[in-house]
Amino acid sequence: MHILLIEDDVQAAEYLVKGLIECGHVVDHAPDGEDGLHLSLTGQYEVIIADRMLPRRDGLSIIRILRADGKQTPVLVLSALGEVDDRVAGLRAGGDDYLVKPYAFSELLARLDALTRRNQTATTENHLQVADLVIDLRKQTVNRAGKIIRLQPREFKLLEFLMRHADHVVTRTMLLENVWDFHFDPQTNVIDVQISRLRAKIDRQFDVPLLHTIRGAGYKLSETP
Amino acid sequence: MKLPRLLRTTAVQLALRYALVYVVVLSLALSAFFWSTTRYVDSRLETAMEQEIQSLTELFDKEGAEYLKEEVLRRTEAGRQDDRLYLLVAENGDKIAGNLIEWPDDMDIPSDGSIHSIWIEDDNILGDFYDDDAYLPVVASGFPDGTRLLLAGGVEQAEELQELTEFLIEVLGISVLLALLMSIVLGRKILGRMDTISRTASEIVAGDLSQRVPVSGRTDEFDALAVRLNAMLDRIQRLIKGIREVTDNIAHDLRSPLTRLRNRLEVALLEERRPDEYRQTLEAGIEDAESLITTFNSLLGIAQAEAGNHRTQWGPFEVKGLAVDLTDLYRPVAEEKGQTLVLDDGQGAVFTGSRDLLAQAIGNLLENAIKYTSENGTICLKIHQTDNAIELEVSDTGPGIPDEEKEHVLERFARLESARNTPGNGLGLSLVKAVTELHGGVLMLENADPGLRVTMRFPDTPVT
């Protein structure tokens with residue numbers, strides 16, 4: 001996809017551009033706020049990555065102008081931990097997601113994927129399906145290959161999130177934020193244990209596993225690993 | 001102390017202004033007093049003189065010129081210190097009797113029995129009972145034989161009035177002086193106390209943060225100010241101590257993992273290796289960096305909680321809902337270890353503060369409990385609302401913490417000797433403590449026999 005990166009740190013921008021291109025994306029880089037604003041207003045991007053602290057114009061004001069102009073391009077805000085007002089201010093300004101430095105590159109990739117996916121699946125559907133696994137959002141039921149699977153409410157929410165992001169990697173932090181609404185970093189493998197419980201219910205009795213662990217990144221719900 | 005600086009003090013300025021107002025008001029009052037007294041005395045005097053000249057005129061009419069002369073002589077006898085001046089002159093102006101030497105010729109005095117004020121020189125007066133030339137009230141009377149009588153009066157009364165006036169002016173002067181003196185004393189005193197405060201401030205600026213403003217014990221406004229300033233300095237000192245600790249800890253505890261990371265990468269580059277060996281090194285490097293970041297984030301999180309930077313997320317929320325979410329999240333991990341995680345949620349207490357921070361604090365406590373409790377142990381998260389407090393309590397059936405170690409475990413990077421081989425950075429409880437205190441609560445560690453009970457007790461009236 002076509003990505004605009006607004007980042008003033010030359011080295012950080014360099015490896016981000018390199019990494020994103022290697023992952024098959026097309027990247028434009030703006031080294032300061034004014035350039036970033038100009039490019040984001042004139043160019044056609046699927047997603048914008050904006051640093052918060054930028055020379056000449058700060059990241060949040062770019063988002064505000066963009067939104068005032070009617071542009072709905074999803075924006076991922078990057079910020080250094082320790083800046084006041086943090087996540088809430090970033091989201092309040094119209095950012096779609098917020099990532100605190102230092103972050104893992106895999107986390108950034110997964111969130112970019114999630115942002116563009118969210119855009120595509122804005123339609124309300126009653127059913128989500130991946131291979132032979134189907135969930136009914138209205139009745140809150142799950143079945144795989146015609147067999148009913150009983151899930152607890154939280155497990156259902158976890159599965160729903162994974163299915164909404166099917167074929168894309170979701171990270172542990174994304175799950176913690178979206179399924180539990182927690183914004184801290186647990187020091188134990190809570191998410192792994194939750195996932196392995198869910199996996200036991202949806203995969204154990206079936207030949208083709210759907211819930212995959214992606215090493216160093218997170219999880220992916222997909223027919224193919 | 002230099003005078004100009006003293007003069008610039010608020011106390012002296014105020015006192016000077018008061019003194020000025022005082023002088024104006026007192027002068028007005030004195031003038032009014034002087035004026036009305038003079039009028040009163042004058043009118044009394046005038047009445048008396050009019051009566052006297054009338055009685056003397058009657059004497060002339062009844063007894064004749066010779067008798068009047070006798071009478072005047074009698075009244076001006078030496079030694080008879082009346083405050084009246086008399087002069088009886090013949091038609092040609094020659095003096096017949098009296099204690100004035102000659103008729104004041106500079107002015108024509110109508111002999112109509114009314115009062116006039118004329119200038120009488122000292123030289124014109126016999127005897128020495130008045131020292132200065134002065135305007136005196138006079139009254140004159142002419143008789144049928146051409147003789148004239150002049151009566152002047154009020155010398156003593158005029159003198160007394162003048163003395164009174166002088167006295168009052170002296171009083172005014174002395175009180176202004178006193179006011180000035182008072183203001184200077186007051187100004188010096190205030191300056192003195194201000195100086196102790198600014199001396200303390202300079203010492204602090206010079207780097208000695210332990211300095212405090214002395215409190216005199218007089219419980220006046222300076223003491224109140226000193227107490228406030230000292231409280232502020234205490235807080236600043238605590239914060240700076242916290243920052244120093246963080247930097248010390250970073251220097252101390254991040255140095256070795258950073259060195260490890262660097263060495264790992266250097267060694268990998270020493271000679272040509274197989275691609276899978278490079279991959280292994282890089283993956284290990286990422287893991288090292290990951291753990292460094294985690295430690296770093298925990299430290300910053302604690303520092304932020306201590307500084308109170310989370311006000312945007314401040315708001316009321318149901319503790320019960322949070323507790324349910326947290327036990328949901330951690331129960332599977334506990335069950336994997338064969339432990340039971342129980343939620344005793346009591347009533348639906350509403351808590352005001354940061355949900356994120358409180359979640360992280362309780363999360364840390366649950367993680368610790370799960371980590372240190374053995375198989376088949378029980379971990380209990382309990383919400384307890386009393387009349388004036390909300391208590392959040394995490395208890396376990398683990399080994400607990402020895403009493404003498406309880407203070408120590410709240411410090412950053414504190415690890416119990418017995419926990420050396422368990423993973424962890426020793427920052428969990430520091431964060432719990434910082435979060436508890438940010439919300440105005442206290443953190444208590446107690447023995448649950450067996451096990452540990454950690455209680456965060458928050459006042460019911462929320463900190464906003």
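The contact between the two chains takes 23 residues from chain B and 22 residues from chain A, where two residues are in contact if their C-beta atoms, placed from the backbone, lie within 7 Å. On the side of chain B that touches chain A, helix H6 (275-307), helix H7 (319-336) and H8 of chain B each supply at least two residues. H7(B) gives the most to this side, with 7 residues. The residues of the side of chain B that touches chain A divide into 9 nonpolar, 9 polar and 5 charged; here Ala, Val, Leu, Ile, Met, Phe, Trp, Tyr, Cys and Pro count as nonpolar, Asp, Glu, Lys and Arg as charged, and the others, Gly among them, as polar.

The model is predicted, so local features need pLDDT of at least 70 and side-chain atom pairs count only at pLDDT 80 or more, while totals for chains, interfaces and linings use all residues. Residues are numbered from 1 along each chain as its sequence is written, and chains are lettered from A and ligands numbered from 1 in the order in which they are written.

Each chain can now be taken as a whole. Chain A holds 8 helices and 12 strands, and the secondary structure of chain B comes to 9 helices and 12 strands; helices (H or I, at least four residues) and strands (E, at least two) are DSSP runs, numbered from the N terminus. Of the 225 residues in chain A, 34% are buried, and of the 464 residues of chain B, 23% count as buried. A residue is buried if 20 or more other C-beta atoms lie within 10 Å of its own, exposed if 12 or fewer, and partly exposed in between, with C-beta atoms placed from the backbone. Among contacts in chain A with a separation of 6 or more, 55% come from residues 24 or more positions apart. In chain B, 63% of the contacts between residues at least 6 apart in sequence join residues at least 24 apart.

In helix H3 (residues 59-68) of chain A, the buried residues are A:Gly59, A:Leu60, A:Ile62, A:Ile63 and A:Leu66. They cover an arc of only 155° around the axis, which puts them on the same side of H3(A); the arc is that of the directions from the helix axis to the C-beta atoms. An α-helix has 3.6 residues a turn, so residues three or four places apart point the same way. After H3(A) comes A:Gly70, whose phi is positive, near 90°.

Further along chain A, A:Asp181 is found in the loop between helix H7 (172-179) and helix H8 (190-202). Phi of A:Asp181 is near 60°, a positive value in a residue other than glycine. A:Asp181 counts as partly exposed because 13 C-beta neighbours lie inside 10 Å. A:Ile202 belongs to helix H8 of chain A and counts as buried, with 23 C-beta neighbours inside 10 Å. Leaving aside neighbours within four places in sequence, A:Ile202 is in contact with A:Leu133, A:Arg144, A:Ile149, A:Leu210 and A:Leu211. A:Ile202 and A:Leu133 are 69 residues apart in sequence, and their C-alpha atoms are 8.1 Å apart in space.

In chain B, B:Thr219 sits in the loop between helix H4 (155-205) and helix H5 (221-270). Although B:Thr219 is not a glycine, its phi is positive, about 50°. B:Thr219 is exposed, with 10 other C-beta atoms within 10 Å. In H6(B), the buried residues include B:Ser298, B:Leu299, B:Gly301, B:Ile302, B:Ala305 and B:Glu306. The 33 residues of H6(B) should span 48 Å at 1.5 Å a residue, which agrees with the 47 Å between its end C-alpha atoms; the expected span of a helix is 1.5 Å times one less than its number of residues.

Two helices of chain B also meet each other. The axes of helix H8 (residues 355-372) and helix H9 (residues 428-438) of chain B come within 9 Å and cross at roughly 145°; axes are lines fitted to C-alpha atoms, for helices over the stretch in contact, and angles run from 0 to 180 degrees between N-to-C directions. By class, the contact of H8(B) with H9(B) has 8 nonpolar, 5 polar and 1 charged residues. B:His439 lies in the loop between H9 and strand E11 (442-447) of chain B, and B:His439 counts as buried because 23 C-beta neighbours lie inside 10 Å.
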